[in-house]
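Work through the exercises below with the sequence and the model side by side. Try each task before you read its solution.

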Amino acid sequence: MPSIGQSIPHDSARLHVTGQATFIDDMPSMPGELLLDCAGSPIARGTIQSIDLTAARAISGVVALFTCKDIPGSNHFGPVLHDEELLAEKQVNYIGQPIVLIAAENHQALAQARKAIKISVREETPIFTIEEAIAQKSFVGPKRTIARGNLDQAIDSAPHLLHGSLKIGGQDHFYLESQAAIAIPGEEGAVTIHSSTQNPTEIQAIVAHILGLGMHQVICICKRMGGGFGGKETQAAAPAAMAALVATKLRRPARFVYTKDDDMKFTGKRHPYRADYSVAFDHDGRILALKADFFSNAGFSLDLSASVMERTMLHADNAYYIPNCHITGTCCKTNLPSNTAFRGFGGPQGVATIENIIEEIALYLKKDALEIRKLNCYGPAPCNVTPYGQLVENNHLPEIFSRLESSANYGTRRAAITKINQTSRTHLKGLSLTAVKFGISFTKKFLNQGNALVNVYTDGTVQVSTGGTEMGQGLNTKIRQLIADEFAIDFADVLLMPTSTEKNNNTSPTAASAGTDLNGTAAVRAAREIRNRLADFAAELLASSATYIVFKDSTVCDSRNPTKTISFKELCKLAHMERINLGERGFYATPGVDFDRESGTGTPFLYYTTGCAVAEVTIDRFTGQFDIDRIDLLMDIGRSINPGIDRGQVVGGFVQGMGWCTTEELKYADTGALLSYSPTTYKIPGVMDIPKIFNVDFIDNPDNTCNVAASKAVGEPPLLLGICVWTAIKDALKSPLELPATPEQILLQLTRARPKASAPPAAAMTT
Ligand code: MTE
Ligand code: LUZ
Ligand code: MOS
């Protein structure tokens with residue numbers, strides 16, 4: 001039976017729940033191993049005046065204290081620009097920025113040393129907000145534009161024009177395994193690093209750069225992550241480089257595992273945004289022109305902020321055709337940890353902005369927002385071209401809109417909700433259906449490549465190594481399925497090996513939802529080479545021709561004589577005796593993708609993953625608290641390789657997006673210190689917050705043949721559907737709203753709309 005299409009459990013399902021799956025800090029302590037921590041900047045911005053290590057040195061168990069002076073190679077690194085320092089030299093730019101690296105025999109000595117290190121910093125006025133950064137022209141990376149048509153003319157002649165500004169909050173990744181690395185010294189200065197990273201090659205490169213080694217002297221291995229969500233695309237590098245520094249300097253293994261609190265306080269998050277917009281539209285609600293200026297809070301360095309902003313701008317249209325537009329993006333430099341990749345990668349901020357705009361148009365025209373959405377949805381030419389010039393092909397969005405509208409009984413429920421809102425003095429209901437059209441491919445062309453190593457053994461079992469990393473998303477399971485089917489063998493006879501830079505070179509991060517697309521295709525290509533060789537050999541054995549050889553049920557035969565079979569295992573053994581190569585490396589580069597960021601035009605994406613979701617919410621008029629009564633979700637994820645895993649991705653992604661939109665709020669003190677650095681003050685969705693009714697379905701679309709097994713990437717897109725919970729809240733309140741719509745936010749809007757909480761609902765609040 002083929003593996004593809006089966007809901008085979010995630011490779012770690014059993015191991016995770018029984019505690020057998022090993023994460024970095026589960027690796028047993030090695031003889032002589034040291035533990036690491038940092039003493040960081042006490043303030044958000046300033047110049048280091050003095051560092052006093054005397055007291056810390058005297059603590060028993062403290063083995064070494066390193067500063068920037070101890071770095072043998074370069075202290076400067078970063079994923080795009082080298083604008084970060086591993087250990088700060090003079091200037092510090094956020095609270096907790098590492099200054100002194102501590103290596104100790106035990107946790108107690110580490111904690112004492114961190115307290116005993118005296119760092120004095122001369123304070124400078126910090127910048128924390130987007131508004132402060134704009135006022136002081138504190139930016140990072142270039143300002144970008146994507147434009148088409150004639151904005152001014154379209155605005156001047158349009159019947160209606162609305163302006164607004166949407167404030168969008170950040171989000172903590174809240175992976176269960178904090179940033180972590182273990183480094184083991186090797187011969188002649190070489191080093192092996194076990195890292196919880198989405199990007200082993202970048203760890204390898206940064207460690208080599210910091211230690212002054214060649215990349216060939218550094219190995220980075222990642223067995224699995226306890227979640228990454230984008231947070232380990234770049235920011236696993238600091239602890240890995242610090243562990244490598246200690247390991248090579250002291251010739252002892254070194255382990256750096258952030259505590260949950262420190263991870264939340266000192267690592268980057270989803271970018272907070274401000275989106276200023278003007279939208280022109282006709283009497284029906286057809287969008288004629290959009291001007292959108294996005295500002296992100298990037299934190300102290302560039303990290304991936306320019307790419308994140310680019311994806312925001314490329315998703316400002318979402319599912320809607322906008323004939324005239326002018327979209328700009330500016331990244332603000334502030335004195336906070338550098339914000340980074342997070343599931344959706346800027347897409348959610350762009351999509352939240354346009355979905356908010358559509359709610360505003362509906363409110364203004366006193367129409368149902370769904371009507372406006374359907375009217376503007378991408379469709380046949382000329383309404384099938386994005387602002388950046390990519391054609392929206394094989395577009396199933398109109399079908400998804402109409403199928404979901406009817407399966408969710410949108411019309412009936414709208415009528416019921418309108419009635420309730422007119423009569424209820426205690427509650428307010430909202431209903432909203434939003435869409436997602438997520439572009440699949442890295443927008444940086446060179447990242448769209450993958451390589452894989454497939455080793456077939458003489459007993460017919462197979463090991464596969466790729467550059468892809470497993471973070472819970474099921475990449476390993478899906479690649480096992482692809483390779484099992486390539487050889488027509490049992491899923492159990494294929495294993496995915498830990499990701500290692502020793503096996504796969506120059507790999508891209510596992511990101512942009514393209515892990516299976518890139519690494520799976522590379523692995524299939526390698527396997528196909530081996531299969532072709534085996535087919536030729538089998539043809540000899542069966543006195544046949546390779547064109548007639550079929551692989552089926554762990555055997556091989558001539559299709560014209562199916563009773564005479566050779567087992568796959570026997571075939572591999574015989575092939576080896578005949579000196580046939582049973583190993584191969586496969587390579588894949590996504591064809592046809594190209595985007596010119598200077599002109600803001602091109603075809604950045606191989607295809608789009610699309611879908612819609614509808615949320616119904618009930619708000620308590622007196623407390624601002626809300627319930628999610630029901631979610632209906634319908635997506636096009638092509639031909640699913642593993643429907644069970646994909647469903648998990650969809651539900652998990654949606655709920656993570658819903659958390660961003662509703663309860664997850666980052667609160668800072670005036671000093672720039674994060675106050676909400678643990679689950680007691682930072683509210684992620686819990687199991688009790690899962691919508692009571694949650695209908696998840698997929699359309700049948702076998703046409704995405706441009707991708708492996710006609711599948712579609714699924715990791716990030718469903719997160720953007722969580723936005724429908726926010727628009728449903730906005731639909732209930734019928735007022736401007738910030739994101740996240742926390743109960744405090746909601747209550748604020750309720751009391752603004754109606755001075756007395758106990759007064760009957762105002763007419764303005766009914767449709
Ligand atoms: N699912 C789980 N369980 N854990 C994760 O860390 N990361 C998400 C998504 N799903 C993540 C996840 C992100 S940000 C991306 S880009 C994709 O998985 C990456 O994996 P893929 O490309 O193999 O889908
Ligand atoms: N990472 C990246 C990403 O470097 N480029 C991208 O386009 C991207 N998109 C989504 C998630 N991570
Ligand atoms: Mo995901 S944000 O592309 O790691």
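Predicted model: local features only at pLDDT ≥ 70, side-chain atom pairs only at ≥ 80, totals over all residues.

Residues are numbered from 1 along each chain as its sequence is written, chains are lettered from A and ligands numbered from 1 in the order in which they are written, and side-chain values use heavy atoms, with hydrogens and water left out.

**Exercise 1. Overall form**

Task: Find how the radius of gyration of the chain compares with that of a compact globule.

Solution: 
- Start with the rule: 2.2 Å times the number of residues to the power 0.38, with the radius taken over C-alpha atoms.
- For 767 residues, the rule gives a value near 27 Å; the chain has 27 Å, so the two agree.
- Next, look at the box: the C-alpha atoms fill roughly 85 × 80 × 50 Å along the principal axes.
- Then check burial: 60% of the 767 residues are buried (under 20% relative accessible area, with a 1.4 Å probe and protein chains only; exposed is over 50%, partly exposed lies in between).

**Exercise 2. Strand β29**

Task: State which strands pair with β29.

Solution: 
- Count the elements: the chain has 19 helices and 31 strands. These are DSSP runs, numbered from the N terminus: helices are H or I with at least four residues, strands are E with at least two.
- Strand β18 (residues 427-440) runs antiparallel to β29, with 14 bridges. Pairing requires at least two DSSP bridges between two strands.
- Leu 428 has Ile 619 of β29 as its bridge partner.
- Strand β30 (residues 626-636) is also antiparallel to β29, over 10 bridges.
- Five residues separate β29 and β30 in their hairpin, where Gly 624 takes a positive phi near 80°.
- In β29 (residues 607-620), 13 of the 14 residues are buried, so the strand is largely enclosed by the rest of the structure.

**Exercise 3. Cis peptide bonds**

Task: Locate the cis bonds at Pro 382 and Pro 740.

Solution: 
- The bond from Ala 381 to Pro 382 has omega near 5°. Pro 382 sits in the loop between α11 (369-376) and α12 (397-407).
- The bond from Leu 739 to Pro 740 also has omega near 5°. Pro 740 sits between α18 (723-733) and α19 (743-753).

**Exercise 4. Positive phi**

Task: Is Asn 394 buried or exposed?

Solution: 
- Recall that most residues other than glycine have a negative phi.
- Asn 394 has a positive phi of about 45°. Asn 394 lies in the loop between α11 and α12.
- Its relative accessibility is 52%, so Asn 394 counts as exposed.
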